[in-house]
Amino acid sequence: MEGRRWSAGLSAAVLLTLQGLAFTQGLNCSQTQYLWKGRCCNRCPPGQKVAAACSGQSNTTCSPCEEHHFQDRWTGLPHCTQHRSCSPQAGLIVYRNGSKERDFVCRCQEGKHCSSHECETCRPHSLCGPGEGVQREGNHLTDTLCVPCSLGYFSNVSSSTARCQPWSRCQEGLVQKAKGTQAMDNICEAPLLKTPKASPSPLLVLLPVAALLLGALLFLWHRHGKCARKWRQDLPLQEAPEPTENEEECSPPTQETLLGEQMGMQEKECHLAQQEQV
């Protein structure tokens with residue numbers, strides 16, 4: 001880069017010197033000539049340089065620019081300017097190829113922009129974070145321009161290209177669960193449906209009833225056996241009946257039974273007394 005600047009400066013200085021000499025001596029050389037030792041000598045066309053200056057016997061001799069050099073104008077200089085290097089390490093790419101008549105044109109790689117006016121290096125575009133959107137995308141010269149999302153819009157990503165998006169509208173059959181923000185969309189969901197109470201299973205109803213019936217039967221069976229044993233223990237040994245399998249009575253003779261037996265015995269005694277009187 002320094003060599004290119006030095007060459008451009010030297011060319012301008014030589015050109016000004018030649019023009020000054022021509023003006024001083026009153027010579028009027030054309031745009032394709034230069035003043036040399038009191039005469040107008042031909043300049044070399046673009047893509048060439050002066051190989052030998054003109055003299056009293058011959059005019060200017062020109063030769064093509066060497067490799068990786070160029071000359072983009074008519075010149076009276078004995079050298080060409082070095083091509084620019086579009087270095088990938090600096091983030092540059094070749095936008096237009098160079099030749100002997102023109103220089104290379106460089107641009108920043110995709111997603112980068114020039115870090116200075118000279119654009120000798122490039123830097124990545126800035127990212128717009130959540131809550132921000134891209135108002136203007138960056139190019140090879142300028143960076144990304146970010147702005148906050150306005151009401152009703154959001155952005156939940158970090159991007160150098162994404163713009164703020166409008167909040168979603170809940171579709172038919174959905175309800176809004178949460179309202180959107182600058183960094184979040186509306187949240188929609190299906191409404192909660194009231195589930196009917198499940199009817200109890202018949203088995204669940206019958207099991208408690210069966211358990212109660214079984215408990216009652218066990219209680220009665222236990223009580224019947226206990227009462228039968230107690231009644232047999234209360235009778236005299238000679239009158240105690242043998243236990244039977246089909247014994248159904250659970251309690252001893254009641255008071256009414258004993259009273260009937262006593263009345264029967266009194267009637268029997270009265271009848272005997274009447275017979276003795278006769």
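A residue is called buried here when its relative accessible area is under 20%, exposed when that area is over 50%, and partly exposed in between (1.4 Å probe, protein chains only). The structure is a predicted model, in which local features need pLDDT of at least 70 and side-chain atom pairs count only at pLDDT 80 or more, while totals for chains, interfaces and linings use all residues. Residues are numbered from 1 along each chain as its sequence is written, and side-chain values use heavy atoms, with hydrogens and water left out.

Charged pairs make a handy starting point. With a salt bridge taken as a side-chain nitrogen of Lys or Arg within 4 Å of a carboxyl oxygen of Asp or Glu, the count comes to two. In one of them, the side chains of E66 and K49 meet with an N to O distance of 3.0 Å. This pair links distant parts of the chain, 17 residues apart: E66 sits in the loop between β4 (61-64) and β5 (69-70), and K49 belongs to strand β3 (residues 48-52). Strands here are DSSP runs of E with at least two residues, numbered from the N terminus. E66 is partly exposed, at a relative accessible area of 30%, whereas K49 is buried at 18%. The other bridge joins D72 and R73, whose closest N and O atoms are 3.4 Å apart. Here D72 is partly exposed, with a value of 42%, and R73 is exposed, with 54%.

The side chain of D185 does make a polar contact of 2.5 Å with that of S168. Such a contact is a pair of N or O atoms within 3.5 Å; within protein, one must be able to donate a hydrogen and the other to accept it, and residues adjacent in sequence count only if both atoms are side-chain atoms.

Another aspartate, D103, is found in the loop between β7 (92-96) and β8 (105-108). D103 is buried, at 12% relative accessible area, and its side chain reaches the backbone nitrogen of R84 at 2.8 Å. Y34 is buried, with 4% relative accessible area, and its C-alpha atom is 6.6 Å from that of G76, 42 residues away along the chain.

Most residues other than glycine have a negative phi. H68, however, has a positive phi near 65°; this residue lies in the loop between β4 and β5 and is exposed, at 53% relative accessibility. C119 likewise has a positive phi, of about 55°. C119 is in the loop between β9 (112-114) and β10 (122-124), and is buried at 9%.

Notes
Helices (H or I, at least four residues) and strands (E, at least two) are DSSP runs, numbered from the N terminus.
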